[in-house]
Amino acid sequence: MTTEPPPSSPSEPGVVTPFDALPSPLDAVPELRAAARWMIAAFGAVGAALVGGGPLVAVGKVHGTGEALVAGGALAVALAGVCLAVWQVSRVLVPPITTTATLNSPAARGLRELIDASPADFFGSAATGVDDLLRHRTVAANIHRALAAETDPRRRELLRGHLDRAKTNIARTDPFVRWLLAMAHVWQIRTTFHEARRWCVLAVTLVATGAITFLTVTGNGF
């Protein structure tokens with residue numbers, strides 16, 4: 001499975017999905033990453049202001065070791081806030097690895113709950129939930145292993161029939177699985193973005209606290 005799953009392709013002939021007329025979920029990825037880049041640029045500008053010439057001039061207003069330590073600590077706190085924000089937001093730009101196992105991860109919990117609450121809206125009559133949609137692959141893998149270990153010709157023929165039916169079910173549900181993986185991929189990025197925004201609130205608090213303390217000690221502005 002690639003780190004960036006391909007957009008959902010058209011359904012096979014005869015397979016109609018509830019989302020055929022909708023754009024691919026992956027269309028949202030560039031917008032999320034553009035917002036993340038904007039946030040990184042904004043905090044980068046704040047960091048540039050903190051380490052610019054203004055604070056260095058203001059340091060000249062500091063008298064005594066105690067004030068110097070407080071001013072230095074305040075500036076360090078403000079810069080730590082900038083670094084925290086940039087680090088957290090930059091995680092949005094890292095493509096997550098998306099497989100069917102992703103659907104059991106905490107990052108995709110909200111998506112699973114949404115789908116399993118009303119599976120017919122997402123899968124129609126193809127499945128009664130995420131696990132039901134994916135079970136055909138597990139069934140096919142188990143049959144394939146049993147077939148490889150079976151030596152009796154009659155049982156092998158019986159297993160081949162079961163395997164053919166499992167493959168037919170896989171082909172029938174493939175359009176839904178591709179859409180589900182695309183949605184899970186976007187959902188991971190969305191979750192990371194929301195977490196980064198919460199960290200940014202803390203980062204802004206650190207920057208504001210550090211800057212106010214530094215200005216108070218130096219009695220000067222940037």
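The secondary structure of the protein chain comes to seven helices and zero strands, where helices (H or I, at least four residues) and strands (E, at least two) are DSSP runs, numbered from the N terminus. Read along the sequence, the pattern is therefore simply α-α-α-α-α-α-α. This is a predicted model, in which local features need pLDDT of at least 70 and side-chain atom pairs count only at pLDDT 80 or more, while totals for chains, interfaces and linings use all residues. Residues are numbered from 1 along each chain as its sequence is written, and side-chain values use heavy atoms, with hydrogens and water left out.

Confidence comes before detail. The pLDDT, which is the predictor's confidence in each residue, from 0 to 100, averages 82 over the protein chain, and 83% of the residues score at least 70. Over residues 1-13, however, pLDDT stays under 50, and the model has 32 contacts beyond four places in sequence for this stretch, a contact meaning heavy atoms within 4.5 Å. Where pLDDT is low, the predicted coordinates should not be read in detail.

The part to look at closely is helix H7, which covers residues 153-218. The axes of helix H6 (residues 130-149) and H7 come within 8 Å and cross at roughly 150°; such axes are lines fitted to C-alpha atoms, for helices over the stretch in contact, and the angles run from 0 to 180 degrees between N-to-C directions. That angle makes H6 roughly antiparallel to H7, because angles under 35 degrees count as roughly parallel, over 145 as roughly antiparallel, 65 to 115 as roughly perpendicular and the rest as oblique. The crossing of H6 and H7 is left-handed, a label used if the near helix is turned anticlockwise from the far one by less than a right angle, with right-handed used if clockwise. By class, the contact of H6 with H7 has 15 nonpolar, five polar and five charged residues, where Ala, Val, Leu, Ile, Met, Phe, Trp, Tyr, Cys and Pro count as nonpolar, Asp, Glu, Lys and Arg as charged, and the others, Gly among them, as polar.

Arg156 has its place in H7 and, at 23% relative accessibility, counts as partly exposed, since buried means under 20% relative accessible area, exposed over 50% and partly exposed in between, with a 1.4 Å probe and protein chains only. The C-alpha atoms of Arg156 and Ala146 are separated by 8.7 Å, although these residues are 10 apart along the chain. Leaving aside its neighbours within four places in sequence, Arg156 is in contact with Leu147, Glu150 and Thr151.

Helix H4 (residues 109-117) is another partner, and H4 and H7 pack at an angle of about 140°, with their axes 9 Å apart. These two helices are therefore oblique to each other. On the H4 side the contact is made by Gly110, Leu111, Leu114 and Ile115, and on the H7 side by Trp179, Leu180, Met183, Ala184 and Trp187. By class, this contact of H4 with H7 has eight nonpolar, one polar and no charged residues.

Next comes helix H3 (residues 65-90), whose axis and that of H7 come within 8 Å and cross at roughly 160°. That makes H3 roughly antiparallel to H7, and the crossing of this pair is left-handed. The contact of H3 with H7 has 20 nonpolar, four polar and one charged residues.

Gly210, whose place is in H7, is buried, with a relative accessible area of 2%. Gly210 touches Ala74, Val77 and Ala78, not counting residues up to four places away in sequence, and the C-alpha atoms of Gly210 and Leu75 lie 5.6 Å apart in space despite a sequence separation of 135 residues. Leu79, whose place is in H3, counts as partly exposed at 26% relative accessibility. The C-alpha atoms of Leu79 and Ala203 are separated by 9.2 Å, with the two residues 124 apart along the chain, and Leu79 touches Gly47, Leu50 and Val51, again not counting residues up to four places away in sequence.

For the chain as a whole, 37% of the 222 residues count as buried, and among contacts between residues at least 6 apart in sequence, 80% join residues at least 24 apart.
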